Every structure is written in C-alpha cells, then in structure tokens.
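The following exercises concern the surroundings of selected side chains. Please study the sequence and the structure before reading each solution.

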Amino acid sequence: MPDTDTVSDSETEKMEEEHSLVAKLSAALFYGLSSFFIIVANKVVLTSYGFPSFQVLGLSQMLTGIVVLYTAKLLKLIEFPDFARDTIKRIWPLPLVYVGNLLCGLGGTQKLSLPMFTVLRRFSILFTMIAEFWILGIKASRAVQLSVYLMMLGAIIAGLTDLSFDAIGYLMIFVNNICTATNMVYTKQKLEAKDLGKYGLLFYNALFMIFPVMALSIYTEELQKAYNFQSWTQPMFLLQFGLSCILGFVLNYSIVLCTHINSALTTTIIGVLKNLLVTYIGMALGGDYIFSWPNFIGLNISVTGSLIYTYLTFKKVGPSKTIIISNGRPPQQV
C-alpha cells in the first residue's frame, strides 16, 4: 500500500516546481516584451521624430519612475523602506551603474541603426558572464561559453563591415554593455540581501541620480535643446514620448523582477533573444541601416549564437551546469 504522506509530499513538490517554472517564464516574457517595446519607442522618438536630447529623455524616464513608485507607496499599493542615512551606502554602486546604463543605452539608440545596436548589445552577455564569475562566483559551462563566443564572432564581423560606423555610438554601447552586466549582477546581490527590496532599488536608483543628470543636462544645454524642440505640439509625438517614459519605468521593474526570479545571466539572454526581433525589424525602422552582405552575414552568425545560448540557458539545469567558487577554493560543481 503506498505511503499517502510520501505521495502527497511528492505532488506538492511537483506543483511547486511547476509554479516556479511558470513564474520564471512569466518574468522572462514580461522583461522581453518590455525591452522590445522600449527600444522601438526610444528609436521612434530619437530618430524618426529627431528629438535632440537622449539625456532629457532619460531624465523624463527617471522622473516617471520616481512619481509612479512614490504615489504607489502613498496609496499603500507597494512598500519599500523610507530614506535613511545609510541608504546610499546600502544601494551603492547601483545608482551610478543605473544612470550609465540608461544614458548610454539611449545615446547608442540615437546614434546607431537598430540592427547594429542590438548585435553590439550582445557583448553584455560576455560581460555578465565575467561579472557573475568575479562578483557572485558563478562560472558558466563550456557549452554556454562557446555559444557566447559565437555571438561575439558575429558581432565583430558585423561591426567591421558596418557602413554606417559611428565611433561615439560604438563607445556608448560598449559602456552600456558594461553597465548592463554590472547592474544585473549587483541587482541580484542586493535583492538576495533582502534589504531595500525591488521597489526600493528602483526608487532610490532614480532618486539619487536624477539631480546629477539634470545638472548635466543644464550644463551641456541639452535641456534648452529639448525645450526648443518643434514637435511638442504634435499629439503623436507627445504620445510616443509619454509611452517611452512609461515603458522606461516598466522596463526597469521587469529587469529587477526577472533578475530576482531567474538570474542575471538569464535576464541578459532574454534581452538578447528579444533583440532577434529588433535586429530584423530595425532594418526597416528608423531608416538608418545600410545593407551589405558581410554585415548581414555577421548579424546572422550572432543571431545563431543567441539561439544556441537561449536553448542552453532555459533547458533543465543539471549538476554540471553551474560552478560555484567560494572561500578561495577551486571551482566546485553543484
């Protein structure tokens, strides 16, 4: 006669695993959709409408996040700790990384075609893998590493044959990739500490950096350029600009949620998988992509690496998938 307690425990564990899988997939899908739509919205605002300042757009997205989160806190819809003297110390260096990620991402979107923007963003995978190794002590499997190198090979080929090369745009994406990787890993670390929570991280990241970004915008006269922009009277531009601001907050929330439920590396690869769509759609959107066969081949090599990496990331994790380094000892498989 079967042990009913054992059967019950087994069924409970199975249900918990299924719920966990649904939560992980839902968080990943939410992040993927948010990331896709924010890139399209930003590209329309910055390139199609020719909005002159990515700094002011980033400032608007930060302000939107602060207002939404604080209003939700006042209405008791969400909770996060009040400001304290040690809040900056508890959250640092995330605010600096957050604003670097935001501004460089917007600057790269403005200066590069979407296909090149997305293929160069795949370097964030490599940087995240390195950051997870050094900060969290997690080493990716050899198969995962090889798929990353294939992505990098395609990105290098595409970059070397980019007919619309922009040095400042490339530099911004490079810094954006470093900030993305650092942001993912430190967000995971801060969330696991259960100190400020996901809403606190979002709120204080924006709050601590909004005044430096505003000062920078005034000093560089970007605020004046945005003020003099001719399309403020166009309803469609205002709709796109407002959508970009809202999606900026939604994206930041989805990043924290996905990183918390999954991992920093999983969040990064979902972003890259989303870029598969952006890569091909972006050839028509914005009108700034210049086609060449070597560049197109490089893009597709990188896409192939992304697909392989996505498969390796989301298939069932076995005992040899992840290696943890702890206490200075050699890597141990878990």
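**Exercise 1.** Determine which residues Ser302 is in contact with, leaving aside its neighbours within four places in sequence.

*Solution.* The model is a predicted one. Step 1: once those sequence neighbours are set aside, Ser302 is in contact with Val119, Arg122, Leu150, Met151, Gly154 and Ala155. Step 2: Ser302 itself belongs to helix 13, which spans residues 293–314.

**Exercise 2.** Decide whether Ser302 is buried or exposed.

*Solution.* Step 1: the relative accessible area of Ser302 is 0%. Step 2: buried means under 20%, so Ser302 is buried.

**Exercise 3.** Find how many salt bridges the structure holds, and identify the partners.

*Solution.* Step 1: side chains of opposite charge can pair when their charged atoms come close. Step 2: the structure holds two salt bridges. Step 3: one joins Asp82 to Lys73, with the closest N and O atoms 3.3 Å apart. Step 4: another links the side chains of Glu222 and Lys225, at 3.3 Å from N to O. These two residues both lie in helix 10 (residues 222–227), three residues apart, about one turn of the helix.

**Exercise 4.** Classify Asp82, Glu222 and Lys225 by accessibility.

*Solution.* Step 1: Asp82 has 55% relative accessibility; exposed means over 50%, so Asp82 counts as exposed. Step 2: Glu222, at 11%, counts as buried. Step 3: Lys225, at 43%, is partly exposed.

Note on methods: Residues numbered from 1 in each chain as written. Predicted model: local features only at pLDDT ≥ 70, side-chain atom pairs only at ≥ 80, totals over all residues. Heavy atoms only, no water. Salt bridge = Lys/Arg side-chain N within 4 Å of Asp/Glu carboxyl O. Buried < 20%, exposed > 50% of the residue type's maximum accessible area, 1.4 Å probe, protein only. Helix = DSSP H or I, 4+ residues; strand = E, 2+ residues; numbered from the N terminus. Contact = heavy atoms within 4.5 Å.
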